[in-house]
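Welcome! Let's take a friendly walk through this structure, one question at a time.

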Amino acid sequence: MAIDLYKKGRVRSRTFRKAVTTNLYHRLLIKLYKFLARRTDAKFNQIVYKRLNQSLTTRYPLSISKLVKIANTEAKQGKILVLIGNVLNDERMLTVPKLRVCALHFSEVARQRIIKAGGEVLTFDQLAKIAPKGENTYLLRGRRSREAMKHFGAPGLPHSSAKPYVGSGGKKNWKERNTGKVV
């Protein structure tokens with residue numbers, strides 16, 4: 001059976017991924033930024049709309065220490081740091097500077113530390129009022145480093161750095177040095 005080629009060849013479906021969240025507030029934010037992406041000429045709103053529709057596993061978190069490392073100049077600290085994801089605490093960081101951060105979710109301790117330092121914690125509906133076109137903002141995203149990503153690929157093949165799934169790390173999996181023999 002052949003492929004039905006109609007005028008311009010194979011017809012590919014080009015659909016946009018819609019969020020399947022049951023969270024009412026998340027859905028309202030999606031509606032808001034869909035409107036802003038359509039009615040304003042700002043690329044910022046289109047990016048935020050796209051990232052709000054991403055799955056939870058692709059909305060990577062950022063810690064406070066990473067936010068501070070990114071906002072390393074006075075100019076960046078004056079801007080609103082925008083993250084479509086979670087902001088988490090980092091206990092290794094002793095002092096937190098004054099930051100204005102907008103994110104979907106903050107851990108309780110991270111929220112307290114930012115506010116205690118004189119900073120500001122914003123939600124996306126507040127951000128839409130303050131900066132409807134994304135002016136004076138710094139858009140961020142977390143590192144793409146889930147544990148599952150380390151296993152993508154073909155482990156065991158030459159030049160492959162994919163991590164194999166191993167049943168356990170016990171004594172039966174110890175290897176003799178320079179040989180493939182199990183001790």
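Q: How do the residues lining the largest cavity divide by class?
A: Keep in mind that this is a predicted model. The lining of the largest cavity includes R51, Y60, L83 and G142. By class, the lining divides into four nonpolar, three polar and three charged residues.

Q: How much space lies in the largest cavity?
A: Rolling a probe the size of a water molecule over the atoms shows where empty space is left. The structure holds one cavity of 30 Å³ or more. The space in the largest cavity comes to about 60 Å³.

Q: Which residues lie nearest the centre of the largest pocket?
A: This pocket has a volume of about 430 Å³. Its lining is made up of 19 residues, and the elements giving two or more of them are α1 (24-39), β2 (80-88), β3 (100-106), β4 (120-122) and α6 (124-130). By class, the lining has 10 nonpolar, six polar and three charged residues. Nearest the centre lie N23, Y25, L29, L104 and H105.

Q: Are α1 and α2 roughly parallel or antiparallel to each other?
A: Helix α2 covers residues 43-52, and its axis lies 8 Å from that of α1. The two pack at an angle of about 150°. Angles over 145 degrees count as roughly antiparallel, so α1 and α2 are roughly antiparallel.

Q: Which residues of α2 does α1 meet?
A: The crossing of these two helices, α1 and α2, is left-handed. On the α1 side, the residues in contact include L29, Y33 and A37. Their partners in α2 are N45, Q46, V48, Y49 and L52.

Definitions and conventions
Residues are numbered from 1 along each chain as its sequence is written. This is a predicted model: local features need pLDDT of at least 70, side-chain atom pairs count only at pLDDT 80 or more; totals for chains, interfaces and linings use all residues. Side-chain values use heavy atoms; hydrogens and water are left out. On a 1 Å grid over the protein atoms alone, a cavity is a set of points where a 1.4 Å probe fits but cannot get out, and a pocket is an open set with protein on both sides within 12 Å along at least five of seven lines; lining residues have an atom within 4 Å of a point. Grid points are joined across faces, edges and corners, and a volume is the space filled by probe spheres set on the points. Helices (H or I, at least four residues) and strands (E, at least two) are DSSP runs, numbered from the N terminus. Ala, Val, Leu, Ile, Met, Phe, Trp, Tyr, Cys and Pro count as nonpolar, Asp, Glu, Lys and Arg as charged, and the others, Gly among them, as polar. Axes are lines fitted to C-alpha atoms, for helices over the stretch in contact, and angles run from 0 to 180 degrees between N-to-C directions. Angles under 35 degrees count as roughly parallel, over 145 as roughly antiparallel, 65 to 115 as roughly perpendicular and the rest as oblique. A crossing is left-handed if the near helix is turned anticlockwise from the far one by less than a right angle, and right-handed if clockwise. Contact means heavy atoms within 4.5 Å.
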